[in-house]
Amino acid sequence: MPRISPLSPKEWPKEFRTALAALRPPNAKYAPLPTEDRPKGRNVLGTWAHHPELAQAYFTLNGHVLMTTTLSERQRELIVLRVAAVRKSGYEWAQHVFVGRDVGLTDEEIGRIAYGPDAPFWSALDAAMLRAVDELIEVGGISASTWETLTAELDVKQVLDLICTVGTYETLARIFASLEVDIDDDINELMQRYDKLF
């Protein structure tokens, strides 16, 4: 049982429906992700619906991370899935396995993300991005050697987007863990159906 019961969509206050628009910023660089045969995230959205003002603020940052980041979508999902793995956030992991696949991560790469930056076959940049996630979560900052590798290929905006992507999804992982948010039934059903295709 979650510590805060999610509100059903019919219970969502008007202010929360307005806040949801922040997830789709007007200057979006990337197209919206597919919604058909994808998790709806009703439990997490229903939890945010309790606090529309906070949701508005968080969704503004999350909308940037999802839609207008200077990172590639593949890089973003590499980071998000590593946050989920380090934080052992099943909800976050399950949601973003679908997103990762949609933006080009292979199932083999997704599996390697759980093993982290020292797994074989990563490029130097991919390994540094994964290591940056670990360092930001574990020690609160990026080490000099990781920074050197990142900044050899990423510009200032991309590095800032990387740091804020980690922070955005670590915050969400803490919400999932602290509030004991249940994984939605549709995630389990879709995972089983999708995995039968492989």
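Leaving aside its neighbours within four places in sequence, which residues is asparagine 62 in contact with? They are Leu23, Thr168 and Tyr169, where contact means heavy atoms within 4.5 Å. This is a predicted model, in which local features need pLDDT of at least 70 and side-chain atom pairs count only at pLDDT 80 or more, whereas totals for chains, interfaces and linings use all residues. Residues are numbered from 1 along each chain as its sequence is written, and side-chain values use heavy atoms, with hydrogens and water left out.

**Residues of helix H3**

- Asparagine 62 is found in helix H3, the helices being DSSP runs (H or I, at least four residues) numbered from the N terminus.
- With a relative accessibility of 7%, asparagine 62 counts as buried, a class that means under 20% relative accessible area, against over 50% for exposed and in between for partly exposed (1.4 Å probe, protein chains only).
- Leucine 66 also lies in helix H3, which spans residues 52-68, and leucine 66 counts as buried at 16% relative accessibility.
- When neighbours within four places in sequence are left aside, leucine 66 is in contact with Tyr30, Arg76 and Tyr169.
- The C-alpha atoms of leucine 66 and arginine 24 are separated by 8.5 Å, although the two residues are 42 residues apart along the chain.

**Packing of H5 against H9**

- Two packed helices are described by the angle between their axes and the distance between the axes.
- The axes of helix H5 (residues 90-102) and helix H9 (residues 156-179) come within 8 Å and cross at roughly 125°; such axes are lines fitted to C-alpha atoms, for helices over the stretch in contact, and the angles run from 0 to 180 degrees between N-to-C directions.
- On the H5 side the contact involves Tyr91, Glu92 and His96, which meet Tyr169, Leu172, Ala173 and Phe176 in H9.
- The residues of this contact divide into 5 nonpolar, 1 polar and 1 charged, where Ala, Val, Leu, Ile, Met, Phe, Trp, Tyr, Cys and Pro count as nonpolar, Asp, Glu, Lys and Arg as charged, and the others, Gly among them, as polar.

**Salt bridges**

- Side chains of opposite charge can pair when their charged atoms come close.
- A search of the whole structure finds 11 salt bridges, each being a side-chain nitrogen of Lys or Arg within 4 Å of a carboxyl oxygen of Asp or Glu.
- One of them joins arginine 3 and glutamate 180, with the closest N and O atoms 3.4 Å apart.
- This pair links distant parts of the chain, 177 residues apart, since arginine 3 is in the segment before helix H1 (14-20) and glutamate 180 in the loop between H9 and helix H10 (185-195).
- Arginine 3 counts as exposed at 59% relative accessibility, while glutamate 180 counts as partly exposed at 38%.
- Aspartate 107 and arginine 101 meet in a salt bridge of 2.7 Å, N to O, in which aspartate 107 is partly exposed at 35% relative accessibility and arginine 101 is buried at 16%.
- Within helix H6 (residues 107-113), glutamate 108 and arginine 112 lie 4 residues apart, about one turn of the helix, and form a salt bridge whose closest N and O atoms are 2.6 Å apart.
- Glutamate 108 counts as partly exposed at 44% relative accessibility, whereas arginine 112 counts as buried at 10%.
- Arg74, Glu109 and Asp126 are linked in a network of salt bridges.

**Threonine 146**

- Threonine 146 has its place in helix H8 (residues 144-153) and counts as buried at 3% relative accessibility.
- The side chains of threonine 146 and serine 143 are joined by a polar contact of 3.0 Å, meaning a pair of N or O atoms within 3.5 Å; within protein, one must be able to donate a hydrogen and the other to accept it, and residues adjacent in sequence count only if both atoms are side-chain atoms.
- Not counting residues up to four places away in sequence, threonine 146 touches Ala128, Arg131, Ala132 and Glu135.

**Positive phi values**

- Most residues other than glycine have a negative phi.
- Phenylalanine 121, although not a glycine, has a positive phi of about 80°; phenylalanine 121 has its place in the loop between H6 and helix H7 (124-138) and is exposed, with a relative accessible area of 71%.
- Glutamate 180 likewise has a positive phi, near 50°.

Terms used:
Helix = DSSP H or I, 4+ residues; strand = E, 2+ residues; numbered from the N terminus.
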